[in-house]
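Subject: Structure for your files, with notes

Hello,

Please find the structure below. My notes on it follow.

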Amino acid sequence: GPTVGPGPVGYTCAVRLVLFYLILVVAQGFLAALLAPIPPPDLFLLAVLTLLWRVPPWQLVLVAYGVGMLQDIVGSGVLGAHAFALAAAALAGSMVRAQLSNAGTLERMLVVFVAGLGKWVVMGGVIVWLSGSVGSLGRAGAVALVETVLTVAAGLLVLPWGAALLERSRVLQKELL
């Protein structure tokens, strides 16, 4: 096949990868408006998890924190809330991934599910801390359940798509890190 590196093929793969992540950001906003009042799948979390098999866990946590900050800025959220939650999700996903192979759909679904749980455990703590009351967790639990189920379902499409794009690109190959 064609070599991937400097030149037109490498450039094309890098552009496709950037477009993939931009599509996820735009789709997050579109789905939020389309599905309201139902929470949309967390495509920011899935964007982070596409890197799970490509970068070491400590780097993934840092990337997740940065993506979460972007999510807080773009979504006008509490600055740092999603950043902290996505970092926890990346850590939880990394711990599960270390126990599994990337061989199949069930493994990916389990990683996304556990990452979603990790995110919502931390987000629940942030909600209690910011509100000063445990009573505010009732609605958060329903949102967490629906969002996690939709994120796992969306992961069936997004993770293989992201893996295919990363595979074609030389970006983030483990031997280059």
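In what order do the elements of the protein chain run from the N terminus on? They run α-α-α-α-α-α. The chain has six helices and zero strands; helices (H or I, at least four residues) and strands (E, at least two) are DSSP runs, numbered from the N terminus.

This is a predicted model, in which local features need pLDDT of at least 70, side-chain atom pairs count only at pLDDT 80 or more, and totals for chains, interfaces and linings use all residues. Residues are numbered from 1 along each chain as its sequence is written, and side-chain values use heavy atoms, with hydrogens and water left out.

Of the 177 residues in the protein chain, 40% are buried. Buried stands for under 20% relative accessible area, exposed for over 50%, and partly exposed for what lies in between (1.4 Å probe, protein chains only).

Salt bridges

The structure holds three salt bridges, a salt bridge being a side-chain nitrogen of Lys or Arg within 4 Å of a carboxyl oxygen of Asp or Glu.

Lys119 pairs with Asp42 at 2.5 Å, N to O. Because Lys119 lies in helix α5 and Asp42 in the loop between α1 and α2, this pair ties together parts that are 77 residues apart in sequence. Both Lys119 and Asp42 are buried.

Lys119 also meets Glu147 in a salt bridge, at 2.6 Å, N to O. Here Glu147 in helix α6 and Lys119 in helix α5 are 28 residues apart, and the pair links distant parts of the chain. Glu147 is buried, as is Lys119.

Glu167 is exposed, with a relative accessible area of 57%, whereas Arg54 is buried at 13%.

The largest pocket

The largest pocket has a volume of about 600 Å³. The closest to its centre, of the 26 residues that line it, are Pro40, Gln71, His82, Lys119 and Glu147. The elements giving two or more residues to the lining are α1 (8-35), α3 (57-74), α4 (81-97), α5 (105-131) and α6 (137-168). The most comes from α5, with six residues. By class, the lining has 15 nonpolar, seven polar and four charged residues. Ala, Val, Leu, Ile, Met, Phe, Trp, Tyr, Cys and Pro count as nonpolar, Asp, Glu, Lys and Arg as charged, and the others, Gly among them, as polar.

For the terms: on a 1 Å grid over the protein atoms alone, a pocket is an open set of points with protein on both sides within 12 Å along at least five of seven lines, where a 1.4 Å probe fits, and lining residues have an atom within 4 Å of a point. Grid points are joined across faces, edges and corners, and the volume is the space filled by probe spheres set on the points.

The surface patch

Val15, Val18, Leu19, Leu22, Ile23 and Trp161 form a nonpolar patch on the surface, with about 520 Å² of accessible area together. Helix α1 gives the most to the patch, with five residues; Leu22 is in α1. Patch residues have over 30% relative accessible area and no salt bridge, and nonpolar side chains (Val, Leu, Ile, Met, Phe, Trp, Tyr) are joined within 5 Å. Accessible areas come from the Shrake-Rupley method with a 1.4 Å probe.

Single residues

The peptide bond from Ala36 to Pro37 is cis, with omega near 10 degrees. Pro37 sits in the loop between α1 and α2.

Leu52 belongs to the loop between α2 (43-49) and α3 and counts as buried, at 1% relative accessibility. Its C-alpha atom is 9.7 Å from that of Ala163, 111 residues apart along the chain.

Helix α4 holds Ala83 and Met95. Is Ala83 buried or exposed? Ala83 is buried, at 0% relative accessibility. Ala83 and Gln71 are 12 residues apart in sequence, with 7.7 Å between their C-alpha atoms. Met95, in contrast, counts as exposed, at 54%. The C-alpha atoms of Met95 and Ala115, 20 residues apart along the chain, are separated by 9.3 Å.

Regards

Methods:
Patch = residues over 30% accessible without salt bridge, like charges linked within 9 Å, V, L, I, M, F, W, Y side chains within 5 Å.
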